[in-house]
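Please look through the sequence and the model below.

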Amino acid sequence: MSAVNEIKIAIVILNWNGKKYLEKFLPVLQNNLPDYARIVIADNQSSDDSLTFMKANYPAIEIIINPGNEGFARGYNLALKQIKTPYYILLNSDIEVTPNWIEPLYELMESDKSFAVCQPKILWYDKKNTFEYAGAAGGFIDYMGFPFCRGRLFADLEEDHGQYDTVEEIFWATGACMMVRADVYWEAGGLDEDFFAHQEEIDLCWRIKNLGYKIMYTPHSKIYHIGGGTLPKHNPLKPYLNFRNNLIMLVKNLPTKNLFPNLFIKMILDGVAALKFLTEKDPTQAYAVFRAHMRFYVTLPKTLKKRSHIQRTIKNKSLPRIYKRSIVRQYFFKGKRKFSELKKEDFA
């Protein structure tokens, strides 16, 4: 592809106390930056010396300072409103890019106007032949709203042997690294700021699909992700956000005929998850599930208003790439540990 002078892509890194990642990965990013892309740091009022480091070492990189720790969703929305480019790339600070990682993403998006979002192949930084948890080779959900990926079912991560080396339509792209058309991002309403963090990118992709666009994956772009840097695995805030946000996402986006039966089953499964935490002598995680449900009920009127708007604006009712079976059942009761073991015909 020939070089262009106009800036087409803003690579926006949301930073909160991430100086160690900026030190480590910004040089690699700068060395693999085409002339039609620029870097922007959106800072959520870091209390480390991230900004001092940036100003001393990268004075040419634009910095947008948010008014506080706004979380992932609002932090990005506030920053992206100030950026005028046709495309955004939302990029986590704990990612190492590779040579020519942007070009395949850009070429894919330019090839079809119906492609609104795409993501690269995401591998684990600490084990580079293994897919990484947050995104792997593209995200999917089952009819109950449980997210999973090509290359990752629950906590089982596959090694990369080229088994997912085809460009594919997916259901959701990871917020760790997603390229999105700016106009579609705002047409869909941006990230839902009530989510704060976790599953907000799945909700955004679902709303974008409702508008008739496609979410894509390309293996021709590859990055390495550390993962888990902001919220450690056993932090009770993580299950709280995941369980609460998943319920909110389902209420907002499920078709009316599926809403009540799916929610009923989902709540039973959440109860089973809480009991599992208790049997594992982890009461803080069980309590996080309880808190998530209580907060979901408190905010339900607001969520229903969002649902009303979304349902009125749906253009695509078929929603391709939803898995028609229960991934929980396939994984825990049928022993399926790889995406490739799922039947293709079970994806709507």
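## Salt bridges

Arg74 and Glu70 join their side chains in a salt bridge, with 3.1 Å from N to O. A salt bridge here is a side-chain nitrogen of Lys or Arg within 4 Å of a carboxyl oxygen of Asp or Glu. Arg74 counts as partly exposed because its relative accessibility is 31%. Glu70 has 16%, so Glu70 counts as buried. The cut-offs are these: buried means under 20% relative accessible area, exposed means over 50%, and partly exposed lies in between (1.4 Å probe, protein chains only).

This is a predicted model: local features need pLDDT of at least 70, side-chain atom pairs count only at pLDDT 80 or more, and totals for chains, interfaces and linings use all residues. Residues are numbered from 1 along each chain as its sequence is written, and side-chain values use heavy atoms, with hydrogens and water left out.

## Bridges across the sequence

Asp165 forms a salt bridge with Lys121, and their closest N and O atoms are 2.7 Å apart. This pair links distant parts of the chain, 44 residues apart. Asp165 sits in the loop between strand 11 (156-157) and strand 12 (168-170), while Lys121 belongs to strand 6 (residues 115-124). Helices (H or I, at least four residues) and strands (E, at least two) are DSSP runs, numbered from the N terminus. Asp165 is partly exposed at 38% relative accessibility. Lys121 is buried at 5%.

Glu169 and Lys209 also meet through their side chains in a salt bridge (3.2 Å, N to O). Glu169 lies in strand 12 and Lys209 in helix 6 (residues 200-210), so this pair ties together parts that are 40 residues apart in sequence. Glu169 is buried, with 17% relative accessible area. Lys209 is buried too, with 0%.

How many salt bridges does a search of the whole structure find? The count is 19. Some charged residues form a network of salt bridges: Asp192, Asp194, Asp203, Arg207, Lys252, Lys302 and Lys306.

## Nonpolar cores

In soluble globular proteins, nonpolar side chains tend to be buried together. A nonpolar core is a set of buried Ala, Val, Leu, Ile, Met, Phe, Trp, Tyr and Cys residues joined through side-chain atoms within 4.5 Å. The largest core here has 82 residues. Tyr76, Leu90, Val117, Phe148 and Ile208 touch the most other members. Helix 7 (residues 237-253) gives the largest share of this core, 8 residues. A second, separate core has 33 residues, among them Ile9, Leu29, Ile41 and Ile61.

Which residues does Phe148 touch? Leaving out residues up to four places away in sequence, the contacts (heavy atoms within 4.5 Å) include Phe140, Trp172, Tyr323, Phe339 and Phe347.

## The whole protein

The protein has 11 helices and 15 strands. Its C-alpha atoms fill a box of roughly 55 × 40 × 40 Å along the principal axes. With 348 residues, a compact globule would have a radius of gyration near 20 Å, and the protein agrees because its value is 20 Å. This radius is taken over C-alpha atoms, and the globule rule is 2.2 Å times the number of residues to the power 0.38.

Of the 348 residues, 56% count as buried. Among contacts between residues at least 6 apart in sequence, 76% join residues at least 24 apart.
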